[in-house]
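The sequence and the model come up next.

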Amino acid sequence: KHIKDWNDLVRDDVQVIFPNPKTSGNARYTYLAATAYAKEAFKGDEAKVKEFITKLFNNVPIFDTGGRAATTTFVQREIGDVLITFESETRGIRKEYGDGKFEQVTPTVSLLAEFPVAIVDKVADEHGTRDLAKTYLDFLYTPEGQDIAARNGLRARDAAVAAKYKADFPDIRLLTVEDVFGGWDKVQKEHFAAGGLLDQTYGSR
């Protein structure tokens, strides 16, 4: 169906699969990324942004509770024309089910998804694993750790590693929650709180 970018996902002939943004962090990133695209495309016209997101939601035949269930709906139940998920997930799907079965599409713009890592003080102190935990976290950002991440579909922060795997990662302009929405606290209050913009849009589905 020649699906190449966000604007193709609101066509009448396209069914989109992604989980319920009420229950899935994966889907909240999808909602925010689509909103970020629409804000640029419609030059901040909030009515048009809301209309775009409503159309996108209306093209979702099934809202699963999480990302894994949505992947199953798309890959195994063969429902929908396109699955929206994290880039590393799309690479994993192609690897597991075969390159010939699924096409990976990278939009022109999306939202940078940063997965938090942390040492949980209570657990580390209780089990005496603080040094081990810190060593592991530090390792994630070494060239070796970044190389492992890149081999598994995650964009490396290390410049040399990113250059090594450049051919594996299509060019994309990645926006941040801070730049587009003013940070996570503001997003939570304006979009995800009860009665917020997500409720207003999702409720019109």
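## Aromatic contacts

In this predicted model, the count comes to 12 aromatic pairs, taking ring centres within 6.5 Å as the rule. One of them is formed by Tyr29 and Trp184, an edge-to-face pair with 5.7 Å centre to centre and 80 degrees between the planes. Tyr29 sits in helix α1 (residues 25-41) and Trp184 in helix α10 (residues 184-192), so this pair links distant parts of the chain, 155 residues apart. How accessible are the two partners, Tyr29 and Trp184? Tyr29 has a relative accessible area of 16%, which is under 20%, and is therefore buried. Trp184, at 38% relative accessibility, counts as partly exposed.

Phe86 and Phe115 also form an edge-to-face pair, with 5.1 Å centre to centre and 80 degrees between the planes. Phe86 belongs to the loop between β2 (82-83) and α4 (87-97), while Phe115 belongs to the loop between β3 (109-111) and α5 (121-127), so the pair ties together parts that are 29 residues apart in sequence. Phe115 counts as partly exposed, because its relative accessibility is 46%.

Which residues make up one aromatic cluster? Phe18, Tyr31, Phe57, Phe63 and Phe192 do.

Phe192 from this cluster also has a charged neighbour: Arg28 lies over the face of the Phe192 ring. Here are two such placements of an arginine over a ring:

| Arginine | Ring | Distance from ring centre |
|---|---|---|
| Arg28 | Phe192 | 4.1 Å |
| Arg91 | Phe169 | 4.6 Å |

Methods. Residues numbered from 1 in each chain as written. Predicted model: local features only at pLDDT ≥ 70, side-chain atom pairs only at ≥ 80, totals over all residues. Heavy atoms only, no water. Phe/Tyr/Trp six-rings, centres within 6.5 Å; stacked < 30°, edge-to-face > 60°. Helix = DSSP H or I, 4+ residues; strand = E, 2+ residues; numbered from the N terminus. Buried < 20%, exposed > 50% of the residue type's maximum accessible area, 1.4 Å probe, protein only. Lys NZ or Arg CZ within 6 Å of the ring centre and 35° of its normal.
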